[in-house]
Amino acid sequence: WASPAVVDYSVIWPDYNMTFRGIRGFYQAGADRQIKGAMCTSWELMYGALFENSWYGFVYAAECGWSLGQTPKADYDRAFAANWFGLTQPEAADWMAQTLYRPFPTGGKLGLWANGALVQKASWAAPADFRRKWMQRYPQMGEAAAEWERELDASLERVAQMKKLARTNEETLAAAAAGLRLMRQLARKCQAFDAAADAYAAARAKAEAGATPEASAHLAAAAKALRSLLPEYAWLTETYQYAVDHWGHWSGDVKALQQQSAGLEAMAAKLDDLARQVTEGRLTKLPVGETLGLGQKPVLLVGQWTPAQMSEAFREIRLDVTPFIKGPGTYRFEWQYTRGAHALALRRVALVADGQVVAEDQHDGHTGASTSNNVYVLTVPPGEPAKKYELAATVASHGGTDSYGEVSLVVD
């Protein structure tokens, strides 16, 4: 059997360019080999991916079952609009192409945003980790967020217009709106977190200058920026609950959306508490933004670990970090598990300059399915720069050696 797939796994919106090309190729190859038949598949359908948004691809597979992809795409779009939605307007084929097939540009500044897997993972990142894991590593996300939002607004306007005119399968358009709004929420999340991080940085500066009212006002602005995301998350939670109840969708998405709201509220509440302490004179120096998920410094990937380096007993592993040590200062190294059956335990991380330890942080840390105390802060003293800097870590992977992860750096 020829068995292509609608590429709707690990993404919020199906990759229809790859889907259509794959279906045509599989079915033509099957016909060339005179196989018995064909079927089109779908995997996963979670993390924001709604089955209703895949009908456009499955019906295309049915079309290719007899035409082997010879039908021009514009003709298919026209037929799908008419038969699925009852839309026979002259522009209906363009609506399909611009709203279902590719509802957002894929080049230029928006190239990164066209990476469906990245958009999906960033959308579900815990609020407290969002800037560190995504925005500070991929600054172009924030730089293009407003443009991405405008593009999705335009697609949502087309969906609303189509829904007014459609005579059947309106729920497919409701699902389209949900998927597009979930992706738009990521753009808004980037902008809200940028605003919150800027306000928090201003609050730190004002607090250190003794300008208490201004510091408190900036902290309130940071909290307000984060809470501005809550109404849309409430709408998305309600809509995905409907998808669970009526479309058989995965209930884990509802829980994950609730966790987004809870995480944002927890961050905002922390900012409220800091504002009270500043106002009451109990706090004159605010913690660095990185500790609150509102850092602004770039996060640099400095190394990785693999099973080949692991042991169930504690042992030292080393990473060459020479290109990243630029002189005296405070360097924050985060150890983050990415995959594998076994978590990583840490006891000590030191910076070795030409064979001599110049800084160390000794405490127990852990990173795996859960994470605790996995950031090690090393202060490099003034002095002549070394020819080689190494990060020496005492680590173990308990229960086995199947552990992979990344080490990232933020310079204070």
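Reader: What percentage of the residues in the protein chain is buried?
Author: Buried residues make up 50% of the 412 residues in the protein chain. Buried means under 20% relative accessible area, with a 1.4 Å probe and protein chains only. This is a predicted model, in which local features need pLDDT of at least 70 and side-chain atom pairs count only at pLDDT 80 or more, while totals for chains, interfaces and linings use all residues. Residues are numbered from 1 along each chain as its sequence is written, and side-chain values use heavy atoms, leaving out hydrogens and water.

Reader: ok. How many helices and strands?
Author: The protein chain has 12 helices and 9 strands. These are DSSP runs, numbered from the N terminus: H or I of at least four residues for helices, E of at least two for strands.

Reader: Which residues have the most contacts inside the largest nonpolar core?
Author: Phe85, Met96 and Trp113, in a core of 93 residues. A nonpolar core is a set of buried Ala, Val, Leu, Ile, Met, Phe, Trp, Tyr and Cys residues joined through side-chain atoms within 4.5 Å.

Reader: And which helix gives the most to this core?
Author: Helix 9, residues 170-208, with 19 residues.

Reader: What is Phe85 in contact with?
Author: Leaving aside neighbours within four places in sequence, the partners of Phe85 include Met96, Leu100, Met162 and Leu173. Contact means heavy atoms within 4.5 Å.

Reader: What lies apart from that core?
Author: Another core, of 27 residues, with Trp305 and Leu344 among them.

Reader: New topic. What does the C-alpha trace span?
Author: About 75 × 55 × 40 Å along the principal axes of the protein chain.
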